[in-house]
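Here's a quick briefing to read alongside the model. Have a look at the structure first, then work through the points below.

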Amino acid sequence: MNISTKKICFIGAGSMAEAIFKGLVEKEILPVQHISVTNQQDQNRLNELNMLYDIQTSNNAVIKKDLIKQADILVLAMKPKDAESAFQELNPLLNETQIIVSVIAGLTIETIQDLLKTNNPIVRTMPNTSSSIGLGVTGISFSSNVNEKQQQLSLEMFDAIGTTCVVPENKLEILTGVSGSGPAYFYYMMEAMVQAGVSGGLSEEQAMDLTKQTILGAAHMVQETGEHPAELRSKVTSPGGATAKAIEALDSHHIHEAVQKAVYASAEKSKEMGEMIKVSLVK
Ligand SMILES: NC(=O)C1=CN([C@@H]2O[C@H](COP(=O)(O)OP(=O)(O)OC[C@H]3O[C@@H](n4cnc5c(N)ncnc54)[C@H](OP(=O)(O)O)[C@@H]3O)[C@@H](O)[C@H]2O)C=CC1
Ligand SMILES: O=C(O)[C@@H]1CCC=N1
């Protein structure tokens with residue numbers, strides 16, 4: 001099996017769907033004619049995506065049905081709260097050979113199966129938005145009926161836009177806290193660094209360039225040296241020097257614990273969003 005011969009239909013046209021198909025289109029992983037995108041109602045958004053990527057887009061009921069029926073892989077990319085109604089629409093259109101890839105935070109394989117009322121192979125994933133530039137990382141769990149070839153195909157799709165990490169399903173929430181939400185923590189940190197630079201007298205452009213290159217360099221250092229971040233940090237931190245004072249300031253605000261709390265909060269919220277749908281199913 002090869003991903004380049006497959007047809008992929010994205011159900012949901014938001015930031016995450018775009019990050020994935022942008023990565024696939026720009027890396028020429030499959031022909032643009034093989035990629036289609038639908039959403040609930042926002043026609044302007046679909047027009048914009050069609051113009052940008054030359055992929056097929058439609059939320060016309062008849063065309064949407066055809067796109068879904070023809071797809072080998074369906075990517076579920078709506079918010080958890082919209083999953084139930086979206087899945088009801090999907091159910092009559094599915095055939096059992098289609099691979100269902102979900103990027104929805106918190107929604108378990110079991111709930112997806114219950115909602116879809118089918119026995120399709122389910123690939124539950126947690127990507128991140130850096131997939132759009134081929135630097136994403138995607139956590140993946142498979143339902144027990146995803147065969148070897150289908151697993152390879154799914155891995156091929158996400159490896160093409162970054163790296164993948166196959167984990168047991170009960171690890172996907174904590175993985176969401178680390179890498180799904182993770183880019184936001186670094187952007188948050190960057191916002192603060194730029195603001196401080198500007199307050200201290202740098203131009204916005206200078207502060208942004210310095211911050212950008214610093215985070216890029218730090219990430220490459222971890223990757224290329226293979227050294228632990230703690231070791232690299234100690235090399236920046238001259239005893240009694242400026243960095244030591246900076247780390248002291250971070251420690252005095254319990255930033256280390258705060259970051260851990262942020263990871264746990266994201267994991268907890270993901271679980272909660274999935275649980276809410278499970279509860280509404282039982283009712
Ligand atoms: N953003 C991120 O960094 C990440 C997001 N995720 C997951 O991806 C999913 C989408 O998130 P994100 O892209 O940020 O969300 P957005 O709000 O940007 O996009 C949601 C999309 O879902 C569509 N939609 C809603 N209801 C339906 C329906 N019934 N049928 C078809 N499409 C529908 C919306 O269409 P319309 O506008 O027409 O209503 C919209 O295009 C979430 O479940 C999230 O947990 C996972 C990893 C990272
Ligand atoms: O914020 C969210 O709920 C999604 C999941 C991880 C990143 N974005």
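How do the residues of the shell around ligand 1 divide into nonpolar, polar and charged? They divide into 13 nonpolar, 11 polar and 4 charged. Here, Ala, Val, Leu, Ile, Met, Phe, Trp, Tyr, Cys and Pro count as nonpolar, Asp, Glu, Lys and Arg as charged, and the others, Gly among them, as polar.

Keep in mind that this is a predicted model, where local features need pLDDT of at least 70, side-chain atom pairs count only at pLDDT 80 or more, and totals for chains, interfaces and linings use all residues. Residues are numbered from 1 along each chain as its sequence is written, while chains are lettered from A and ligands numbered from 1 in the order in which they are written.

**Around the ligands**
- A residue counts as near a molecule if its C-beta atom, placed from the backbone, lies within 6 Å of it.
- Ligand 1 has 28 residues around it, and Gly 12, Gly 14, Asn 39, Ala 86 and Ala 105 come nearest.
- Around ligand 2 you'll find Ala 105, Thr 176, Gly 180 and Ser 181; by class that's 1 nonpolar, 3 polar and no charged residues.

**Annotated domains**
- UniProt (unreviewed entry) puts "Pyrroline-5-carboxylate reductase catalytic N-terminal" at residues 7–106, in the numbering used here, with feature names shortened and annotations that may be inferred rather than shown by experiment.
- Residues 7–106 are 44% helix and 18% strand, with end C-alpha atoms 26 Å apart; helices (H or I, at least four residues) and strands (E, at least two) are DSSP runs, numbered from the N terminus.
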